[in-house]
Each structure stands twice: as structure tokens, then as C-alpha cells.
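Please keep the sequence and the model in view while reading.

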Amino acid sequence: MASELQSDSNALLDLLRTYGAWNPEHDAKLGALHALVTKTYPDRKVLVFSQFADTVLYLEKQLKNRGVQYLAGVTGNSTDPTELAWQFSPSSNQRSSQTIPEQELRVLVATDVLSEGQNLQDCSIVVNYDLPWAIIRLIQRAGRVDRIGQKAEEILCHSFLPADGVERIINLRTRVRTRLHENAEVVGADEAFFEGESDNQTIINLYHERAGILDGDTDGEVDLASHAYQIWRNAISSDPSLEKAVADLPNVVFSSRRHTPTVQRPEGVLVFTRAADGNDALAYVDRGGRSITESQLEILSAAECGPDTPAQPRHEDHHRLAGEGVKHIVKEAKRVGGQLGRPSGARFRTYNRLKQYAEAIKGQLFDLGELHNALDDIYRYPLRAAAVDTLNRQLRSGADDAQLADLVMSLREEDRLCLTGDDVESEEPQIICSLGLLGSDDES
């Protein structure tokens with residue numbers, strides 16, 4: 001092994017001695033990107049993805065040297081990636097009034113640090129400067145702009161391919177196209193990452209933003225996290241003082257409001273909790289302490305009230321009922337699934353599907369140690385909140401076992417799968433806040 005590494009090192013050193021220092025002026029790929037940004041789309045926002053932080057820094061420097069303005073690079077080492085995302089896409093993040101026009105970005109070059117969890121709908125041009133082997137990355141990148149709130153009629157994705165000589169050797173385009181076709185059910189029907197693709201299958205749009213922390217829960221148009229975040233952004237945009245006021249509130253804070261009971265929404269208490277693993281949950285119990293619904297979106301909707309809604313006195317059973325709500329959350333998390341949580345949860349479903357898949361491919365080429373390590377982690381540790389969201393999307397969109405395995409191994413490699421730290425303990429959820437829904441007879 002040592003001799004082989006030495007041989008590879010010597011070969012690389014010979015190449016460096018033969019061809020000398022790198023000259024960006026001769027970089028045809030960089031030149032093509034520069035033309036794309038300045039000539040093809042001179043007045044439109046362009047989002048450029050690379051798998052490597054060094055490439056992002058190189059592109060940022062060289063494009064600026066060539067006169068491209070209002071440009072920034074974002075990597076995992078950036079001080080505040082979210083702030084740069086806001087400068088690039090202020091409208092979709094409701095930051096237009098807080099963004100100085102001279103600071104608004106037109107071109108953003110980023111690693112996959114921005115491929116999840118950011119709203120970048122001000123842009124409709126996505127460039128894949130290099131092709132990741134994990135095809136889910138291409139889909140996630142497009143999903144940053146192909147979301148609710150996108151106003152463009154079409155999203156354009158440009159993908160750079162290796163030079164012809166390299167392509168003949170590694171056959172990358174064919175391999176990637178094959179994997180894209182295998183992943184077709186998780187790519188929107190109109191999406192094409194290569195020119196000339198002719199497949200027009202009727203397939204599920206991965207980024208349809210269907211609802212629910214609960215898998216299979218389709219009681220809304222957007223997922224719960226996006227819905228809650230939008231409510232929060234609207235609130236602090238209307239009243240900026242709320243941002244600090246809410247942040248300064250202690251845990252276990254409570255309130256009540258008048259409520260006209262219905263069969264679907266009787267009187268009771270809503271409780272919002274956070275578990276030790278960082279996952280949030282809502283419960284809604286009636287005055288008898290019985291759970292009304294497990295739909296997280298329905299519970300959030302039941303809490304809706306305007307900024308001028310008057311607070312009501314706390315019912316004498318408020319705290320007892322909040323405690324009953326916590327018990328329901330704990331019971332549901334452990335129901336049937338035990339160590340893996342509820343059967344409908346992302347952790348339970350992912351583990352059981354991949355456990356069966358690992359058994360089916362045992363001894364074959366794709367029987368990888370990385371998959372077994374990921375399964376061990378999923379069984380032993382809670383999933384990160386972002387991983388739950390990502391896996392739920394894939395499970396709802398019909399990803400097959402191989403695709404799910406690729407995603408899980410990729411998340412684990414990037415330390416985005418499970419919370420494995422010593423600070424993760426098995427304990428009851430912590431109450432963040434609660435809201436009493438009272439009828440007029442409780443008013444005093």
C-alpha cells in the first residue's frame with residue numbers, strides 16, 4: 001500500500017513538473033462559466049454549485065478578477081451562510097426592506113451547504129459546476145429555487161461535463177444519466193439536467209412541499225417547518241420588536257385565549273415541546289386530557305390568532321392538561337416502534353426498509369460497510385431534525401431502497417444523519433410554551 005501511494009505521488013509530481021503552475025487564463029471551464037454569467041444571463045441571478053470548498057474559493061476569486069460584480073462564495077467555513085443567502089435572495093426570505101441594493105448579490109457560488117434549508121427563489125438559474133456522484137445532490141440543488149414562491153415560469157439547470165478525453169475514460173455522463181433515470185421518481189417531471197433529454201415521465205415532484213411532520217400526513221400544501229417559519233417571518237416583518245421579545249421569553253411560558261369549541265376543535269390546551277435530540281412536537285388535549293389530533297399542522301392552525309387577540313385568564317387545569325399533552329407526545333414517540341419511535345416516523349421506516357435491503361444484498365457488490373454503520377447509528381441515536389425532513393421527503397416521493405441507502409450514507413458521511421454526541425440523553429420533552437383554548441364561560 002505504501003509503495004502504491006508513493007507511486008501515485010511521484011506521478012502527480014511529474015505532472016506538476018511537466019505542466020508547471022496553473023494559469024486561470026487557460027481555464028476553459030472557468031471561461032465558459034464566466035460567459036454564462038456575463039453573456040448568457042447578464043441581468044439574472046445565477047446560483048453556482050460545486051462539491052468542493054476550494055473550487056468555490058477559486059471561482060469567487062477568478063470571477064471577481066474578470067470583473068463580475070455583486071458576487072460571493074459560500075462554504076461550510078463561511079461566517080454566516082444564511083446572511084449571504086438573504087443578500088442573494090432577499091424577496092423569498094422577506095428581507096427586501098432590510099437589504100441595501102448595493103449589497104444585493106447577483107451571483108452566488110456555493111458548496112452544498114446551501115443545497116438544503118435555504119429559500120433562494122429569487123433565482124431561477126442553477127449551475128452545477130461539477131457533478132456529484134450522489135444524484136440526490138443535483139435534485140436538492142434545484143430544490144433550493146424550485147419551491148413555493150418561485151415566480152419564474154421555468155427553472156434552468158446547467159451542468160458542466162468533463163472534457164471529451166476524460167469523459168471517454170470515466171464515462172461519467174452515461175453513468176450519471178443512468179443514475180438520474182433510476183432516480184426519476186424523485187425528480188420533477190419537467191426537470192432535465194442534460195441537454196437533449198427526451199424522457200417525459202409522469203413522476204412525482206420531490207419539492208411539492210406536502211405537509212406534515214407525520215409521514216403520510218397530507219393535510220396542507222407545505223411542510224410544517226416551512227409553514228411555521230413563514231408565520232414567524234410574517235410576524236416579525238409586521239412588528240420587528242417581536243424578534244427580541246419572543247427570544248427573551250422563558251421556557252414553560254403560557255397564555256390563553258377565548259375559543260368557540262367545535263367537534264374538531266374542542267376546548268383544551270395546546271402544548272409545544274422540544275426533545276433532548278432537538279426535535280419539536282405539538283400536542284392538543286381536551287379538558288379530559290384526551291388527545292384531539294396528532295396532525296402537527298392541524299394543531300398549529302388551531303393556535304392561530306391575530307396580534308390584537310386579547311389574552312384570557314389561565315384555566316385552573318391549564319398546567320395539568322399541558323402535562324397530559326407531554327405524556328401523549330412521549331407515548332406516541334415510543335408507541336410500537338420502541339427504540340425507533342413511531343412506525344410512521346422517518347427513523348422507523350428508514351431503518352426497517354434499509355435493514356431488509358441490507359439483508360437482500362448481503363455478499364453482493366453493494367453490500368457496503370458504510371450502510372451497516374449508518375443502520376447502527378439510526379438504531380442507537382436520534383435523527384437530526386434536518387435529516388428527518390430530508391428522509392420524509394424521499395419516503396413520500398417513492399425513493400427506492402438503493403436511493404434511500406445512498407442518501408443515508410451521504411448524510412452520515414457529512415455528519416448530518418444522527419445526533420451522536422454525549423449531550424443526547426433519553427429524557428422527556430421540555431415544554432417550550434402552551435396555549436389554553438377557552439370558551440366564554442371561562443372568562444373572568
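## A partly exposed tyrosine and its partner

At 40% relative accessibility, Tyr379 counts as partly exposed; buried means under 20% relative accessible area, exposed over 50%, and partly exposed in between, with a 1.4 Å probe and protein chains only. The model is predicted, so local features need pLDDT of at least 70 and side-chain atom pairs count only at pLDDT 80 or more, whereas totals for chains, interfaces and linings use all residues. Residues are numbered from 1 along each chain as its sequence is written, and side-chain values use heavy atoms, with hydrogens and water left out.

Tyr379 forms a tilted aromatic pair with Tyr351, at 5.5 Å centre to centre and 40° between the planes. Rings of Phe, Tyr and Trp (its six-membered ring) pair if their centres lie within 6.5 Å; planes under 30 degrees apart count as stacked, over 60 as edge-to-face and the rest as tilted. Tyr351 belongs to helix α12 (residues 346–360) and Tyr379 to helix α13 (residues 369–380), so that the pair links distant parts of the chain, 28 residues apart. Helices (H or I, at least four residues) and strands (E, at least two) are DSSP runs, numbered from the N terminus. Tyr351 has 12% relative accessibility and counts as buried.

The structure holds 2 aromatic pairs. One of them joins Tyr129 and Phe160, again tilted, with 5.2 Å between centres and 50° between the planes. Tyr129 lies in the loop between β4 (125–128) and α5 (136–143), and Phe160 in the loop between β5 (156–159) and α6 (164–170), so the pair ties together parts that are 31 residues apart in sequence. Tyr129 is buried at a relative accessible area of 5%, and Phe160 is buried at 14%.

The ring of Tyr129 also has the charged end of Lys29 over it, 4.3 Å from its centre. A charge sits over a ring if NZ of Lys or CZ of Arg is within 6 Å of the ring centre and within 35 degrees of the ring normal. Lys45 lies over the face of Phe88, at 5.3 Å from the ring centre.

## The parallel sheet

An open sheet of 5 strands runs in the order β2-β3-β1-β4-β5, with parallel pairing; two strands pair if DSSP finds at least two bridges between them. β2 (71–74) and β5 stand at the edges with a single partner strand each, so one side of each is left without a neighbour in the sheet. Strand β1 (residues 46–49) pairs with β4 over 4 bridges, and Leu47 has Val126 in β4 as its bridge partner.

## Helix α3 against the sheet

Helix α3 (residues 53–65) packs on the sheet and touches β1, β2 and β3 (107–110); contact means heavy atoms within 4.5 Å. Among its buried residues are Val56, Leu59 and Leu63. The buried residues of α3 pack against α2 (28–40) as well as β1, β2 and β3. Just after α3, Gly67 takes a positive phi of about 95°.

Leaving aside its neighbours within four places in sequence, Val269 is in contact with residues including Ala283, Tyr284, His318, Leu321 and Ser434. Val269 and Ser434 are 165 residues apart in sequence and 6.9 Å apart in space, C-alpha to C-alpha.

Note on methods:
Axes are lines fitted to C-alpha atoms, for helices over the stretch in contact, and angles run from 0 to 180 degrees between N-to-C directions.
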